[in-house]
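Subject: Structure for you to look at

Hello,

Here is the structure I said I would pass on. Please open it next to this message and follow along; my notes come after it.

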Amino acid sequence: MTGRRGRAGATRRGFFTRVAGLAAAGAALTAEGAAPALAKTDPAAPAPEAQAEPFWGRNQGGILTPSQAHTYFAALDLTTEKRDDVVAVLKAWTNAAARLARGQPIEAFTRTELAYNYDTSSTTVTTTSSEPTPTTVALSDSGEAEGLSPARLTLTFGFGAGLFEKDGKDRYGLAKQRPEALIDLPHFAGDELVAQQTGGDLSIQACADDPQVAFHAVRQLARLADDVAQVRWAQTGFLPNFKTDQTPRNLMGFKDG
């Protein structure tokens, strides 16, 4: 397949080849960087199970991992203007992803919401204030994967161009850290792209042998980022159950690869 070339001689295949390791750019967000943390070991982690893929390691999970049967992919738009918020949510995602990969629920977290105060001392519930007030609530894992195995879950995080610069604005002081290969794809013949279903500042790719495990993982990460980022679009996917010596066919009947 050939496509029209854009600046820097970009092609769709070449684009994905060059950006396969872009997640490492996250080191620019903190002074100590994120890449060394990937080599960290967790002495408190339980013994590896046949259905658990290691989260900590030389490479981000899901890059060299043998393909799982299902995926849930989500792109998010950052809604905060504060660099510290982005750092905090990426740290929260790291901790949560390590637990989810072991088949454990995420840790409870707090969230400040606007709520009305109610007087529940009488049989008739009445509001004690006409205006909602900020209320801190504790939230726990939503539980869809309770009782299920990790199903070889891997979570891979990606950065879009909007993390580095958006609408001509360097929101987080990362514009100079933007990888040269990270560019918008040029227009290809036949493209009919819908703006609301393309792009994004951050991405989450959950892959697992159980679709419910993959969905649950993305849902928890989206909840943790609720004050910082909002889901822009999501897409499910699967691999057909062909034999190991066969090349799979996709839904249009074409062989992949």
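Which residue stands opposite phenylalanine 73 in β7? Glutamine 205 does.

Before the rest, a word on how to read the values. This is a predicted model, in which local features need pLDDT of at least 70, side-chain atom pairs count only at pLDDT 80 or more, and totals for chains, interfaces and linings use all residues. Residues are numbered from 1 along each chain as its sequence is written, and side-chain values use heavy atoms, with hydrogens and water left out.

The chain as a whole

The protein chain has four helices and eight strands. Both are DSSP runs numbered from the N terminus: helices are H or I with at least four residues, strands are E with at least two. Along the sequence they follow the pattern α-β-α-β-β-β-β-β-α-β-α-β. Of the 257 residues in the protein chain, 32% are buried. Here buried means under 20% relative accessible area, exposed means over 50%, and partly exposed is in between, for a 1.4 Å probe and protein chains only. Taking contacts between residues at least 6 apart in sequence, 77% join residues at least 24 apart; a contact means heavy atoms within 4.5 Å.

The sheet

Strands of a sheet pair through backbone hydrogen bonds, either parallel or antiparallel. In this model, four strands form an open sheet in the order β6-β7-β1-β8, with antiparallel pairing. Two strands pair if DSSP finds at least two bridges between them. The edge strands, each pairing on one side only, are β6 (154-159) and β8 (229-238). On average, neighbouring strands of this sheet are turned by 15° against each other, direction ignored. Inside the sheet, β1 (residues 70-78) and β7 (residues 202-208) are joined in the antiparallel sense over seven bridges.

The helices across the sheet

Helix α2 (residues 83-101) lies across β1, β6 and β7, and runs at about 160° to β6. Helix α4 (residues 211-224) lies across β1, β6, β7 and β8, at about 155° to β7. For these angles, axes are lines fitted to C-alpha atoms, for helices over the stretch in contact, and angles run from 0 to 180 degrees between N-to-C directions.

How many of the 14 residues of α4 are buried? Ten are, and the helix is mostly covered. Among them are Val213, His216, Leu221 and Arg223. The length of α4 can be checked too: at 1.5 Å a residue its 14 residues should span 20 Å, and its end C-alpha atoms are 20 Å apart, which agrees. The expected span is 1.5 Å times one less than the number of residues. At the start of α4, a side-chain oxygen of aspartate 210 comes to within 2.8 Å of the backbone nitrogen of glutamine 212.

Aromatic pairs

The whole structure holds four aromatic pairs. Rings of Phe, Tyr and Trp (its six-membered ring) pair if their centres lie within 6.5 Å; planes under 30 degrees apart count as stacked, over 60 as edge-to-face and the rest as tilted. Phenylalanine 73 and tryptophan 233 have ring centres 5.6 Å apart and planes at 25°, so this pair is stacked. The pair links distant parts of the chain, with phenylalanine 73 in strand β1 and tryptophan 233 in strand β8, 160 residues apart. Phenylalanine 73 counts as partly exposed at 24% relative accessibility, and tryptophan 233 is partly exposed at 22%.

Tryptophan 93 and phenylalanine 157 also form a stacked pair, 5.2 Å centre to centre with 25° between the planes. Tryptophan 93 lies in helix α2 and phenylalanine 157 in strand β6, so the pair ties together parts 64 residues apart in sequence. Both residues, tryptophan 93 and phenylalanine 157, are buried.

Residues in the loops

Glutamine 60 sits in the loop between α1 (12-18) and β1, and is buried at 18% relative accessible area. A polar atom of its side chain lies 2.7 Å from the backbone nitrogen of phenylalanine 157.

Arginine 152 is in the loop between β5 (133-139) and β6, and counts as buried at 15% relative accessibility. Its side chain reaches the backbone oxygen of proline 66 at 3.2 Å.

Leucine 174 belongs to the loop between α3 (161-164) and β7; at 1% relative accessibility it counts as buried.

Regards

Methods
A polar contact is a pair of N or O atoms within 3.5 Å; within protein, one must be able to donate a hydrogen and the other to accept it, and residues adjacent in sequence count only if both atoms are side-chain atoms.
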